[in-house]
Amino acid sequence: MGFALSFGSLPVLVSSYDFATPNKEIQWLGSVFTGIIFCVVVYRLTAILSSLLFKGYGKLSSAEKIEWNNRGFSTFHALFASFTSFYLLVLSDIFNKDSHEELVINRSSTFSNSVLGISIGYFLADLAMILWHFPALGGLEYVLHHGLSMFSIIQSLLCGQGQIYILMVLFSESTTPFVNLRWHLDIADLKSSKLYVWNGIALFFGWLIARIFLFMFFFIHMWTHFDEASIFSVIHITSQFFL
């Protein structure tokens, strides 16, 4: 059974226990603003460094420069999300089956909460740019993707459930830097370079591991732990497929 709780001005259905305390909400909001600030800073740095290190940057059109810089903080978030997710899922003992008595689907930590908050900040910043330059940076499918992604992460933060699955999906962002580099090399007319070829090979194997094999494990793990999930967690776990 659940009840309505507001996160800022957004009403969300949460589980019956009060997981979202005021102190936690302050931490989450701080993480969200941190994510937004990081995106703004990296966007500016991408423009500055690109103009200094890449001669072809000045020849790009205004729209191409905007997307170039946008993909800069997209890559930054992808690296941050994949490395922190790998640490939380593999290197730390938070989601180790025998490390805690609590069900694995209910586990979270201050660090994992911060990672999810920063990711919300990224999705907000990127969504703002998509809407401001619509449809140059993406159509309605991107708006839907980002909206459902934020819905899923916020739900997980508010109830403290399903973070293991959110982090698995965030780890799949490890393929994004290769996708962005492919675009950068294409727009820079470097499709014939060796870097473009090697990046394509890395993208293939990265996609195979992070998008195919990982999601096979994702669905198997979800199926074997499905009886541990409440009706609520089923809702936000299902929405994670849009991340």
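Predicted model: local features only at pLDDT ≥ 70, side-chain atom pairs only at ≥ 80, totals over all residues.
Residues are numbered from 1 along each chain as its sequence is written. Local features need pLDDT of at least 70 and side-chain atom pairs 80 or more, while totals for linings use all residues, and side-chain values leave out hydrogens and water.

**Stop one: the largest pocket.** Select Ser74, Tyr122, Tyr142, Thr176 and Asn180, which lie nearest its centre among 21 lining residues. A pocket here is an open set of 1 Å grid points where a 1.4 Å probe fits, with protein on both sides within 12 Å along at least five of seven lines; lining residues have an atom within 4 Å of a point. The space comes to about 570 Å³, a volume filled by probe spheres set on the points. By class, the lining has nine nonpolar, seven polar and five charged residues.

**Stop two: the second largest pocket.** Now select Phe86, Phe95, Met168, Phe171 and His221, which are among its lining residues. About 250 Å³ of space lies here. The lining has nine nonpolar, three polar and no charged residues.

**Stop three: His225.** Select His225 in the loop between helix H7 (194-224) and helix H8 (231-239). Is His225 buried or exposed? His225 is buried, with a relative accessible area of 17%; buried means under 20%, with a 1.4 Å probe and protein chains only. Finally, show Val104 and Tyr165, which His225 touches when residues up to four places away in sequence are not counted (heavy atoms within 4.5 Å).

Methods:
Helix = DSSP H or I, 4+ residues; strand = E, 2+ residues; numbered from the N terminus. Buried < 20%, exposed > 50% of the residue type's maximum accessible area, 1.4 Å probe, protein only. Nonpolar A, V, L, I, M, F, W, Y, C, P; charged D, E, K, R; others polar.
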